[in-house]
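Here is a short briefing for a reader meeting this structure for the first time. Take a look at the model, then read on by topic.

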Amino acid sequence: MASDPSSDRLDQLERANAQLHAQLQELREIIDRTRVGGFRSIRDSRRCPACGSGALLHVRRAQEVGYGGLKDLAIAHESSVWKGAVPRGPMESFVCRGCGLVEFHVTDFSDVPVDGTDIVAIEPEPDVPSGGPFR
Ligand SMILES: [Zn+2]
């Protein structure tokens with residue numbers, strides 16, 4: 001029984017397409033691991049910058065053990081007579097299940113005590129003009 005030439009051609013094209021998809025995925029993984037000119041966080045890329053794994057944990061409310069039980073993990077704490085240490089600037093974390101890398105992000109800056117001594121705000125540098133006499 002002779003094979004159908006159009007069916008053979010379709011099979012060849014499907015195999016070539018599957019190979020191209022596999023190569024594209026490999027290239028994406030290489031780009032994610034070797035990206036130059038900027039660090040991409042786990043939160044933004046959904047991929048570990050250390051090992052390239054996409055198997056992650058998102059801990060939406062990172063906590064720690066303190067007096068009186070669990071407290072939100074935060075970048076600062078204020079002391080309260082009634083409540084003890086009150087977390088300011090709560091954090092979330094992303095954890096790579098491949099290599100264990102942990103990344104933290106503050107989820108709310110609104111109550112962070114920026115006092116200029118212990119916590120200092122750093123503002124972005126102004127952009128350098130690309131033209132004009134001060135190049
Ligand atoms: Zn990893």
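Read along the sequence, the protein follows the pattern α-α-β-β-β-β-β-β. That gives 2 helices and 6 strands. The model is predicted.

**Overall picture**
- The protein has 135 residues, and 8% of them count as buried.
- Take the contacts between residues at least 6 apart in sequence: 42% of them join residues at least 24 apart.

- Strand S2 covers residues 63–66 and strand S3 covers residues 69–72.
- The two strands pair in the antiparallel sense, over 4 bridges.
- Gln-63 has Asp-72 in S3 as its bridge partner.
- Between S2 and S3 lie 2 residues, and the two strands form a hairpin.
- Gly-68 sits in the turn of this hairpin, with a positive phi of about 85°.

**Strand S5 and its partners**
- S5 runs over residues 84–96.
- Strand S1 spans 56–59.
- Val-86 in S5 is the bridge partner of Glu-78.
- S4 and S5 are joined by a hairpin through 3 residues.

**Arg-88, a residue of S5**
- Arg-88 lies in strand S5.
- Is Arg-88 buried or exposed? Arg-88 is buried, because 20 other C-beta atoms lie within 10 Å, and the cut-off for buried is 20 or more.
- Arg-88 and His-77 are 11 residues apart in sequence, yet their C-alpha atoms are 5.3 Å apart in space.
- Which residues does Arg-88 contact, leaving aside its neighbours within four places in sequence? They are Ala-74, Ala-76, His-77, Glu-78, Asp-111, Val-112 and Pro-113.
- Glu-78, one of these contacts, is the residue whose bridge partner in S5 is Val-86.

**Arg-46, a residue in a loop**
- Arg-46 is found in the loop between helix H2 and strand S1. Helix H2 spans 42–45.
- Arg-46 has a positive phi of about 60°, although it is not a glycine.
- Arg-46 counts as partly exposed, because it has 13 C-beta neighbours inside 10 Å. A residue with 12 or fewer would be exposed, and one with 20 or more would be buried.

Key: Residues numbered from 1 in each chain as written. Predicted model: local features only at pLDDT ≥ 70, side-chain atom pairs only at ≥ 80, totals over all residues. Contact = placed C-beta atoms within 7 Å. Pairing = 2+ DSSP bridges.
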